[in-house]
Amino acid sequence: MAAKAKILVVEDNEDNRELLVFRLQQLGYEILVASNGKEAIETAARARPDLIFMDLRMPVMDGWEATRALRQTDWGKDLPVIAVTAHAFEEEKKSAFRAGCNGFIAKPILDYSIIQKKIQKFLG
Amino acid sequence: MDRANILIVDDEMGPRESLKMILKPYFNVYTAERGGQAIEMANQVPIDLVTLDLKMPGLPGTKVLEKIKQRDPDIEAIIITGYGSMDTAIEGLRLGAFDYISKPFDVQHILALVRRALERRAARLKLREIKSEFLANVSHELRTPLSVVIGFVSILLDQLVGKLTDEQHRALEKVYKNSEELLGLVDNVLCLTSLNSGDLPLMEKEFEVGLVAKEIAQRYAKQLEEKGIELAIQSPASGVRTVSDPAKVSRIFHNLLHNAVKFTAKGQITVKVHRSANRGVVDLEIIDTGVGIPRDHIEGMFQPFQQLDGSMRREFSGLGLGLTVARRLTDFLGGTLEIRSQPNVGTHVLLSVPYRAATQKSELSELRH
């Protein structure tokens, strides 16, 4: 990877956010954080990340709505968004893709090489 | 609310057409002359209510009702009885029909009946939605803290924040293993609950079964090593591709392997993955050299909360949900699960999951070569 890619982590649970941020920093990425969908859109509009990890169930604005909103913008319509959720049900996966997410990871992440693979898939 | 879809099933044209005339102004009406045709139609159109003549040639009306209720227990049915044959009407009610009505029908009566049945269906669907939303929340709330525990322990275990002593490492391994165990239990309970409430969706796609088996086996590597059990996975190098629901196949296999590991103290576990083209299925076999199950207990093991020794100052902990969930999910996928076992010798589990027509074609051409 040439330049350090910028990744936005959107997650309302502080502990979970810290966890993912820690792992991503280990992998050498530059990290931005937001704790709900609304903050995510504001941060993304300002800082233009290369990829977003998006929790789905969040207060204020959830991940589905935030992803749909991103898809309406010029700069966000092709931005890779990977849904991250502690949800065991598969409808959630389906609905995440319908909202415009490009990938899906279920929490807890038992194998962290998955994160790297997902990022590489989108950022090369 | 959208117009409800009503299916009229009657072999006689007279009553079929007159019912259609009555209902057509208010509902979308479909008709079927035979039971088989009715079931096919219910598979294609989201039917809200059926009116059903139980006395038909071919597939008996009660069977049709059973099949339709199996598909969606909240589809309402109104039994149409001919010559005051109460027996079949009562049989229909027993099978969950909303009510019955005798020919010739009174227009106002049948309209009122249909409307009441549809109201009940709407209420039940609403309840189902609430239940499923509740389950989704429970799942989320239980898994979130667990995922934090597992996540931070794995950071410590990977020694990303500092070197661990052997003892620290051992202690954290135990935290990790038990958290994973808890996660498995939570997932099984939730899976069983959503199977019971009938709102588990089927998510089919193409995937490689051998890979699923390997991924899950990997999670047990540590435990197997500690117990000194060898695990061999025999899967063709070319892979065994199929079209099914990978998450469910993976859960079934996970539960079966979990049992094999748990109930095997020494020896080996062999996993075989292969196609059985003539039966149109992918087979997953799990063969262990564990404690085994006496023949007359095998069926009982599929009941929830059953373990062989329920009373025991139990040697083995657990809820006994694994096999129940495995069996129910296998049924859900249209597969079969067979267990052969001999106490103190071991257990041989055969899971067969059908692959869909899309891949069946290539399978047949493979056979011809």
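The model is predicted, so local features need pLDDT of at least 70 and side-chain atom pairs pLDDT 80 or more, while totals for chains, interfaces and linings use all residues. Residues are numbered from 1 along each chain as written, chains are lettered from A and ligands numbered from 1 in written order, and side-chain values use heavy atoms, without hydrogens and water.

Trainee: Is B:T51 buried or exposed?
Mentor: B:T51 lies in strand β3 (residues 49-53) of chain B; strands are DSSP runs of E, at least two residues, and helices runs of H or I, at least four, numbered from the N terminus. Buried means under 20% relative accessible area, exposed over 50%, partly exposed in between (1.4 Å probe, protein chains only). Contacts, meaning heavy atoms within 4.5 Å, include B:L7 and B:I80, not counting residues up to four places away in sequence. Because its relative accessibility is 0%, B:T51 counts as buried.

Trainee: In β9(B), which residue is the bridge partner of B:E230?
Mentor: β7(B) and strand β9 (residues 268-276) of chain B pair in the parallel sense over five bridges. In β9(B), the partner of B:E230 is B:Q268.

How values were computed: Pairing = 2+ DSSP bridges.
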